[in-house]
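Here are my notes on the model, as numbered points. Please read them with the structure open.

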Amino acid sequence: MPFYHLLADVESVIQTHQDADVQERTRCRVANNIQNFIHRQQHAGPMHPNERFLKEAERETRSFLKQHPNLYVLKADKGNKTVIMHKQDYVARMDQLLADTNTYEKTQKDPTSAFQTKNNGIVRRLENLGLLDAATARRLRTYKAVCPRIYGQPKTHKPGLPLRPVVPCMTSPSYELSKFVGAIIQRSLHSKYNISDSFKFCELVNTVTLPEGHVMVSFDVVSLFTCIPQTLVRKSIIKHWDEIGTHTDICLDLFLEVTAFCIECSYFSFNGSFYKQKFGTAMGNPLSPMIADLVMEDILDQAVEAVPFPIPYLKKYVDDLFLALPGDKIEMVQEIFNSQDENLQFTVEREQNNRLPFLDMVMTRNQNQTITTEWYMKPISSGRFLNYRSLHSFHQKMNVAFNFAKRVYTFTTNHREEEVESVIRRQLLVNDYPNTLISRVINRVKLHRQQVDTAMETNENRPDEGETVFRSLTNIDGLSQQIIKTLRREYPTRIATKTTNTVGALLPQIKDKTPNDEQSNIIYKINCDNCDGCYIGMTTTKLKTRISGHRSNVRRLTTLREAGHTNADAAIISIREKTALVDHAAENDHVFRLDDVKILDRTQKPSNLPILESCHIYNTPHTVNKRTDTDNLNVVYAGLLHSIMNVKRTKSNNQNRPNVNMTQTDDTDTTETEHTTHE
């Protein structure tokens, strides 16, 4: 239920206040918000035609994908396009990619356990040497690592539709350690080539006057992350150690060892097989961007020094370079850049008709060698962004529209204002934004630009607001924004909403599915084999670890019983106090189905688990859980949970009837069903 997640998110905000009276007052207001929302939905009129259309489209999409299980729906590597591909074709392309024995090596078994042991051993060494405090060491250790699952994104801008390999490493044993090492490198790197974003680049390039005879070119590194050899990484760290060493107490040799492990821990599974990445770094490893930045800095230094004439302008954004070069020296410079390392090769794009696209703008070289810019959408782009009819909050849609309009205005310096407005209006209309809203957005951007210009003229600086605390709430249309207003009465926290009913939840899973017993941060349910009772629990560790604990308790109980102990003996009383599951088994001599565990819910916020568990216990009939298992749930929410349970029951009854006109309440509940069951 999205209501459960919303309550858990709200509690995470409420508990930040030290005043108990403020907490209780806020809970009452939030409970009233939700009760009123449920009441309105239960008495709502017919569904709006737009909602009905979207609901029907969702149903048809689900039905189509269910009838065609051989199809995969993929997000393109660039351009925000959608690609539909036969499953066999996708698997064949992935197998072809992984057949590159220079980059990948197939392993006989899952190496997660070995990598996890090594990761924890390194962290233990750092802690014992006094190089990590206890809290940091606890964060870097892990006992619930899961093998990452690779997937491919089609490169629609390249012939043959090749796949870009992506390895989400969040579950990898070395993920937190890689972030730790990457942060050290990032703090130490002060690049003379880097640009932080398009706005900074636009501000810079519009002040540039190229030397006579020079033209604009861009260089691009071919597959940067997967082409960086470890020897270059080691060499760059040693070269920059004077800067890196000032941000850590770890010695050079140990730092190199830790970095090498984080790179070596690049592995994944595909289609039931396990692979190690022998060369380069994984796209998805949090250390990869920092390593790439460090290595690229040295490559550029060497290349610039080798070029026999000065390069007046050279700027880098990740693996894209902007250069100003003499028109007849481009091939020579490219050859020099490519000679720095055989693994890192640069492609070149020259200006055409004095124009060169770079990032999300196109630069124009004028007759006087100055440069002007305009916002640019690549031909491969779909032109799609957050649609106005999506289930996101209105605030998010406004921000998307505003930031888009701001980019177009900022990047376009060579067109009249009317032309800029026409571009903004055309793109927003494509994404279903109404004309009246577009006019509001344009006026807001103009006012913002005037305020920025005034502040720059008067050298005004924004006051230091201190560290801002951000929180997020599960989005339920028409409710979450009301709760945010309620929270703002007493809490200065910045709050955003997150939508759980996404397009991705409709699509088939292309990554290997993680087995249930490997999942963590979940709410689970175990049924009793002898009665209608069930046990609901939570675990931050792997489910199999938690179930192993239940099995151990049951075996211990059986052993004590066979030894002649009774329920009145201290040994059995001690076992019964561990969980309500073993207590019910001891009291009634019942057996639970420990081989048939159902996952009810999951969350990426472990701190939300106690509230979610209490909600599920409260609204699930015949639970054997103890009364104390719902102590995490404030009594204010008791009546509210009863109303939520009635909503679920009503929805369930309506779904069993043909041709029922579903309300928004049904839409919300269907959202959660997908959220809680989608891998």
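1. Strands here are DSSP E runs of at least two residues and helices are H or I runs of at least four, both numbered from the N terminus; two strands count as paired if DSSP finds at least two bridges between them. Angles run from 0 to 180 degrees between N-to-C directions, and axes are lines fitted to C-alpha atoms, for helices over the stretch in contact.

2. The model is predicted: local features need pLDDT of at least 70 and side-chain atom pairs count only at pLDDT 80 or more, while totals for chains, interfaces and linings use all residues. Residues are numbered from 1 along each chain as its sequence is written, and side-chain values use heavy atoms, with hydrogens and water left out.

3. Strand 12 (residues 355-358) pairs with strand 13 in the antiparallel sense over four bridges. Leucine 356 is opposite methionine 363 of strand 13, and phenylalanine 358 has methionine 361 as its bridge partner in that strand. The hairpin of these two strands has two residues between them, and leucine 359 takes a positive phi near 55° there.

4. On its other pairing, strand 13 meets strand 14 (residues 371-375) in the antiparallel sense over five bridges. Arginine 365 stands opposite isoleucine 371 in strand 14. Five residues lie between strand 13 and strand 14 in their hairpin, and glutamine 369 in the turn has a positive phi of about 70°.

5. Is strand 13 buried or exposed on its two faces? Met361, Met363 and Arg365 on one side, and Val362 and Thr364 on the other, are all buried. Buried means under 20% relative accessible area, exposed over 50%, and partly exposed in between, using a 1.4 Å probe and protein chains only.

6. Not counting residues up to four places away in sequence, leucine 321 touches several others, including Phe219, Met296, Leu300, Phe337 and Phe358; contact means heavy atoms within 4.5 Å.

7. UniProt places "domain: Helix-turn-helix" at residues 384-443, in an unreviewed entry. UniProt positions are given in the numbering used here, feature names are shortened, and annotations may be inferred rather than shown by experiment. In the model, residues 384-443 are 68% helix and 0% strand, with the end C-alpha atoms 22 Å apart.

8. Helix 14 (residues 394-411) packs against helix 15 (residues 417-430) at an angle of about 145°, with their axes 10 Å apart. Which residues of the two helices meet? From helix 14 they are Ala401, Phe404, Ala405, Val408 and Tyr409, and their counterparts in helix 15 include Val420, Val423, Ile424 and Leu428.

9. Another open sheet has three strands in the order 18-17-19, again with antiparallel pairing. Strand 18 (534-539) and strand 19 (592-602) are at its edges with a single partner strand each, so one side of each lacks a neighbour in the sheet. Neighbouring strands here are turned by 30° against each other on average, direction ignored. Helix 20 (residues 580-588) packs on the sheet, touching strand 17, strand 18 and strand 19, and its direction makes about 150° with that of strand 19.

10. Strand 17 (residues 522-528) and strand 18 pair over six bridges in the antiparallel sense, and a hairpin joins them through five residues. Isoleucine 526 stands opposite tyrosine 535, and isoleucine 523 has methionine 538 as its bridge partner. Five of the six residues of strand 18 are buried, so this strand is largely enclosed by the rest of the structure.
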